[in-house]
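Here is a friendly tour of a protein model. Please have a look at the structure first.

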Amino acid sequence: MEPIDLELEEGELELPAEPMHLNMGPSHPAMHGTVRIVLELTGETITKADVQIGYLHRGFEKMCERGTWAQVFPYADRLNYVSPMLNNVGYALAVEKLCGIEVPERCMWYRMALGELARISDHLTCTGAMAMELGAFTPFLWFIKAREMLWDIMEEETGARLTHSFGRIGGMASPPTANFKAMCREALPKLIGLMEEGEKMLLKNRIFIDRLENVGNISGADAIGLGWTGPCLRASGVPYDVRKAHPYLKYDEVEFDVPVGTRGDNLDRFLVRLAEIRQTRRIIEQVLERMPDEGPVSVDDPRVMLPEKKDVYTTIEGTIQHFKLIMEGAKVPKGEVYSYTEGGNGELGFYLVSDGSGTPHRVRIRPPCFTITQGLQKLITNSMLSDIVPTFGSLNMIGGECDH
Amino acid sequence: MSERILETLKSRFGSAIFETHSQFGDDTAVVDPAKWHEIMTFCRTELECDMLTDLCGVDYPEREPRLEVVAHLYSIAKRHHVRLKARIGDRELEGDVEIDSVANIWPTANWLERETFDMFGIKFKGHPDLRRLLMYPEFVGHPLRKDYPAQKTQPLIEYRTEEEAGLPLDKQLPFGPDEGMSFGRKEFTSGEGEAS
């Protein structure tokens, strides 16, 4: 067919082109956790991007300066609400470092087991949501079904599915239930089965692979410069894992590998998370093997631990101790500490400053997603508009954590 | 290993390192704010601290250089941490409280400095884009300073009055002045406070 505009001059055909501005979010189905991206587009290519966060800012750090040290636990839960146990344990370890307390061995294993369960839940949610945003709804349901098993265990242990507030300074709220080990041993193979089923559906799907592969690449050096940690950094080929580099609890006594990617694209980040779930299963199995069935889970230290309820009701010492701990809070020695653990998304740090009173002077949280979300701008500039969805999904930005 | 970093810093910069300590194994150096950028560059190149883990502010209302900028550096290859602090600003925080930006050394400093500016009002000289990050542009003040009242609200749209609504509104502020732990909490007022 002949083109109809043969006789026209070339110049006449050109339409005035100016970059188009587009607001993505803060209410957008793919912007989990309210983020706004202001985009400048040429055609469908992004020439400029400005990522704006803060829509979920709740003044976490200011609120912590108003209560006692123990009252931070519920706030810590709400940082990364997909793996609250890791935040609880991270904060408890930070305060314990400041107080010079070491928790009993049983507590260490218990914290590891619960923390690793939370990590699986975090990775399942991220990978599942990523698939769902690309239109694969069924694998998402499989992943969420698997996550449901974990939350059932959590509910049995802590009494809450999502915001446990289970950590305590110097221990945990209560010892493991009698059938904790049995529940974990039963749930883990089922959960891995479900995950593998979902994984098969996705990794043999051409559309899914095409949208992830070689999209959102970042080199290891760039990722380090941006302060990335966790699965996103490891996908770029840097094997930095706090559990290996600076072991806390009993991580130096269990065997596990640190999966790393090669290209640092979305597919690598997806695969690293799935591989980590398998490693986490290995850790949990070893933990269950070695966790003692008897023994205390909390330190016997009246300065930080609440007395038993029967003592509170029957003895004057118990009543006063309880009153002082609740009303004034545990006195934490003067000083400052930076304590860091491996959260679901990477290095979760707490920088605490104590003035020696029962109230924190400063609780600074170093959320892993904050720096990761900062990198989004670099990843999406010069890519296509539709690449935002898988790229943003693969970073696993959690609003509560990122926006403080 | 760790002591060595502080020794290196002291021998290289001498009087610009005001004090050092290694409480809980965290190597800390309080440095001259005028040499902030120079020392950070040294840490990046010579000490191989390739990751700026965190940068935040702390407010000590009872001290004379009142605000503190705290940076945590980490070296992935050598596995060492170092914490650098610089103290700036007088008691009343009059005029600009300024320190050099390190965003040209680590890209991650961009948002961390914007957040610190937002929360503490510390201006970072040479920052490419110093806007508020977490709060909205219309926000007045810097919420993490100790003299910013926690119960203060700055709604963009005014709360309804009872007249407008036509019914009694039991609207309560998120934090009442009598809320919280009266024993455990300390009240800070601008300019004065307990000496530590």
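## About the model

This is a predicted model, in which local features need pLDDT of at least 70 and side-chain atom pairs count only at pLDDT 80 or more, while totals for chains, interfaces and linings use all residues. Residues are numbered from 1 along each chain as its sequence is written, and chains are lettered from A and ligands numbered from 1 in the order in which they are written.

## The core

A nonpolar core is a set of buried Ala, Val, Leu, Ile, Met, Phe, Trp, Tyr and Cys residues joined through C-beta atoms within 7 Å; buried means that 20 or more other C-beta atoms, placed from the backbone, lie within 10 Å of a residue's own. The largest one has 155 residues, and A:Val95, A:Ala113, A:Leu117 and A:Leu352 touch the most other members.

## A helix pair

α5(A) and helix α12 (residues 266-290) of chain A pack at about 160°, with axes 9 Å apart; axes are lines fitted to C-alpha atoms over the stretch in contact, and angles run from 0 to 180 degrees between N-to-C directions. That makes the two helices roughly antiparallel (an angle over 145 degrees).

## Where the chains meet

In chain A, 40 residues are in contact with 33 residues of chain B (C-beta atoms, placed from the backbone, within 7 Å).

Terms used. A residue is buried if 20 or more other C-beta atoms lie within 10 Å of its own, exposed if 12 or fewer, and partly exposed in between; C-beta atoms are placed from the backbone. Helices (H or I, at least four residues) and strands (E, at least two) are DSSP runs, numbered from the N terminus. Angles under 35 degrees count as roughly parallel, over 145 as roughly antiparallel, 65 to 115 as roughly perpendicular and the rest as oblique. Two residues are in contact if their C-beta atoms, placed from the backbone, lie within 7 Å.
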